[in-house]
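I opened my notebook and went through this structure one topic at a time. Here are my entries, in the order I looked things up.

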Amino acid sequence: QVQLVESGGGLVQAGGSLRLSCAASGSIFSINAMGWYRQAPGKQRELVADITNGGSTNYAASVKGRFTISRDNAKNTVYLQMNSLKPEDTAVYYCNADILRTPWVRVTTVYWGQGTQVTVSS
């Protein structure tokens with residue numbers, strides 16, 4: 001009953017910018033951490049950035065200073081602003097969220113979106 005939907009991917013030239021969005025919907029009591037991962041062809045999925053409910057952030061060294069993660073708790077949405085894009089940023093980007101569905105069961109579940117393609121040309 002929980003769904004995460006990403007949007008904002010596309011084709012951009014090196015040095016350009018994109019803004020990704022991910023909205024969570026369904027049976028949700030609260031959301032703890034939310035994050036962005038990416039997976040290039042032939043590579044393992046890797047963490048790009050994540051953010052806690054309180055706003056604390058964490059970034060992969062390869063994107064620090066270029067990408068910014070943020071969230072709107074009222075809309076259950078997380079964003080990834082990507083600036084100064086490089087060809088090596090090309091990948092499918094996935095959103096995830098650690099979600100508590102009911103207040104009487106204090107165990108969270110991690111959900112994943114379907115992914116959105118980001119392609120950076122040289």
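**Entry 1: ground rules**

I began with burial: a residue is buried under 20% relative accessible area, exposed over 50% and partly exposed in between, using a 1.4 Å probe and protein chains only. I am working with a predicted model, where local features need pLDDT of at least 70 and side-chain atom pairs count only at pLDDT 80 or more, while totals for chains, interfaces and linings use all residues. Residues are numbered from 1 along each chain as its sequence is written, and side-chain values use heavy atoms, with hydrogens and water left out.

**Entry 2: salt bridges**

I noted the rule first: a salt bridge is a side-chain nitrogen of Lys or Arg within 4 Å of a carboxyl oxygen of Asp or Glu. How many salt bridges did I find by this rule? The count comes to 3.

I started at Arg66, which counts as buried because its relative accessible area is 12%. Its side chain meets that of Asp89 in a salt bridge, 2.8 Å from N to O. I then looked up where the two sit: Asp89 is in the loop between S8 and S9, and Arg66 is in the loop between strand S6 (57–59) and S7, so this pair links distant parts of the chain, 23 residues apart. Strands here are DSSP runs of E with at least two residues, helices are runs of H or I with at least four, and both are numbered from the N terminus.

Asp89 is itself buried, with a relative accessible area of 1%. Asp89 also forms a salt bridge with Arg38, and the closest N and O atoms are 3.0 Å apart. Arg38 belongs to strand S4 and Asp89 to the loop between S8 and S9, so this pair ties together parts that are 51 residues apart in sequence.

Arg38 is buried too, at 7% relative accessibility. The side chain of Arg38 meets Glu46 in another salt bridge, at 3.0 Å from N to O. Is Glu46 buried or partly exposed? I wrote down partly exposed, because its relative accessible area is 39%. Put together, Arg38, Glu46, Arg66 and Asp89 are linked in a network of salt bridges.

**Entry 3: Gln39**

Next I looked at Gln39, which lies in strand S4. Gln39 is partly exposed, at 27% relative accessible area. The C-alpha atoms of Gln39 and Asp89 are 9.6 Å apart in space, while the two residues are 50 apart in sequence. I listed what Gln39 touches, where contact means heavy atoms within 4.5 Å. Not counting residues up to four places away in sequence, these are Gln44, Arg45, Ala91, Val92 and Tyr94. The side chain of Gln39 also reaches the backbone oxygen of Lys43 at 3.1 Å.

I found Arg71 in strand S7 (residues 67–72). Its side chain makes a polar contact with the side chain of Asn73 at 2.7 Å, and it reaches the backbone oxygen of Ile51 at 3.4 Å. A polar contact is a pair of N or O atoms within 3.5 Å; within protein, one must be able to donate a hydrogen and the other to accept it, and residues adjacent in sequence count only if both atoms are side-chain atoms.

Leaving aside neighbours within four places in sequence, the contacts of Arg71 include Met34, Thr52 and Thr77. I followed that to Thr77, which is found in strand S8 and is buried at 7% relative accessibility. The side chain of Thr77 reaches the backbone oxygen of Lys75 at 2.9 Å.

**Entry 4: strands and core**

Strand S1 (residues 2–7) pairs with strand S3 (residues 18–26) in the antiparallel sense over 6 bridges; two strands pair if DSSP finds at least two bridges between them. Leu4 stands opposite Ala24 in S3. S3 is also joined to strand S8 (residues 77–82) by 6 bridges, again antiparallel, and Cys22 stands opposite Val78 in S8.

Last, I checked the largest nonpolar core, which has 30 residues; Leu4, Trp36, Leu80, Met82 and Tyr93 have the most contacts inside it. S9 gives the most to this core, with 5 residues. Such a core is a set of buried Ala, Val, Leu, Ile, Met, Phe, Trp, Tyr and Cys residues joined through side-chain atoms within 4.5 Å.
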